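This report goes through one protein structure part by part. Please keep the sequence and the 3D view at hand while reading.

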Amino acid sequence: MTAIDTQALKKIVAEKAVNDYVKDGMIVGLGTGSTAYFAIKRVGELVASGYKLTCVATSHQTEELARESGINVVPLCDVDHVDVTIDGADEVDPELQLIKGLGGALLREKIVAAATLEEIIVVDESKIVEKLGSKCPLPVEVVPYGHNRTAYALSRQGCEPVLRMKDGKIFKTDGGNFVYDCRFKEIPSPFFLETRLNVIPGVVENGLFLNTAAVVLVSHPDGTVTKMERD
Ligand code: 5RP
């Protein structure tokens, strides 16, 4: 069978997530990134076909795309919960633990995930790893004030923090913060690391999304989609 290109794999898995999990009348969280893009477009089609959905966005970029797609976006403060959120991830381990944030939206993504009853993660199989941190760095969002001191404290946790740049300038998140991409040789215990990172002054949020995903849908080069579920 012909291998399907990466964009098509993202579309297949994102659309399946929307088709399977988004029901008329729901409050839906819209993720950020190139896979979530296809989920947002599919949600837009459901709205155009008559679904009444209330949506919250995990970034400015997603909010803009959602509005362009005819979706009603409200602030998270206007809802008391989110029924289902569909979002991408950068790494997924066998226990459904995640690294997110290479797209820079980790803070809002984590806040929306915390308000969500069922977090659905959509990835192609290249994102599946045995151990978190084996393919990508861990993004950590920090306040700009004294950020190099915060980076030093991060390095003491066994990583090499690199300040994220974009178009020759320091990358800024929607919250006006900086991101350090922290390359670890290995992350033996994500739960322990998360605790250590969260107590560093200046750290706003980290890209470890632990016990967050209810379901991970994974697309494969032959076009099939498999499901990983929390026990
Ligand atoms: C953004 C994210 C994205 O979900 C993650 O980076 C995956 O993106 P993509 O689907 O483009 O690979 O966490 O902050």
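Helices (H or I, at least four residues) and strands (E, at least two) are DSSP runs, numbered from the N terminus. The model is predicted: local features need pLDDT of at least 70, side-chain atom pairs count only at pLDDT 80 or more, and totals for chains, interfaces and linings use all residues. Residues are numbered from 1 along each chain as its sequence is written, and side-chain values use heavy atoms, with hydrogens and water left out.

Most residues other than glycine have a negative phi. Asparagine 211, which is not a glycine, has a positive phi near 50°. Its relative accessible area is 48%, so asparagine 211 is partly exposed (buried means under 20% relative accessible area, exposed over 50%, partly exposed in between, with a 1.4 Å probe and protein chains only). Leucine 96 is a non-glycine residue with a positive phi of about 70°. Leucine 96 sits in the loop between strand E4 (91-92) and strand E5 (98-99), and it counts as buried because its relative accessibility is 4%.

Glutamate 95 also belongs to the loop between E4 and E5. With a relative accessible area of 51%, glutamate 95 is exposed.

## The nonpolar cores

A nonpolar core is a set of buried Ala, Val, Leu, Ile, Met, Phe, Trp, Tyr and Cys residues joined through side-chain atoms within 4.5 Å. The largest one holds 27 residues, and Val22, Val28, Leu30, Ile71, Ile86, Ile120 and Leu217 have the most contacts inside it. At least two residues of this core come from each of helix H1 (6-21), strand E1 (27-30), helix H2 (34-48), E2, H3, strand E3 (82-87), strand E6 (116-124) and strand E14 (215-219). A second, separate core has 22 residues, among them Val140, Leu193, Leu197 and Ile200.

What does valine 28 touch, not counting residues up to four places away in sequence? Valine 28 touches Val22, Leu53, Thr54, Cys55, Val56, Val82 and Val84, where contact means heavy atoms within 4.5 Å.

Leucine 138 is part of strand E7 (residues 138-142). A relative accessible area of 1% makes leucine 138 buried. Beyond its neighbours within four places in sequence, leucine 138 is in contact with Ile99, Tyr180, Asp181, Cys182, Phe184, Leu193, Leu197, Gly207 and Leu208. Between the C-alpha atoms of leucine 138 and alanine 105, which are 33 residues apart along the chain, the separation is 13 Å.

Asparagine 206 belongs to strand E12 (residues 203-206). Asparagine 206 is buried, because its relative accessible area is 0%. Its side chain makes a polar contact of 3.0 Å with the side chain of asparagine 198. A polar contact is a pair of N or O atoms within 3.5 Å; within protein, one must be able to donate a hydrogen and the other to accept it, and residues adjacent in sequence count only if both atoms are side-chain atoms. The asparagine 206 side chain also reaches the backbone nitrogen of leucine 208, at 2.8 Å. Not counting residues up to four places away in sequence, asparagine 206 touches Leu106, Lys110, Pro139, Val140, Glu194, Leu197 and Asn198.

## Arginine 164

Is arginine 164 buried or exposed? With 10% relative accessibility, arginine 164 counts as buried. This residue lies in the loop between strand E8 (159-163) and strand E9 (165-166). Its side chain reaches the backbone oxygen of leucine 102 at 2.9 Å. Residues up to four places away in sequence aside, the residues that arginine 164 touches include Gly101, Leu102, Gly103, Pro139, Phe171 and Asp181.
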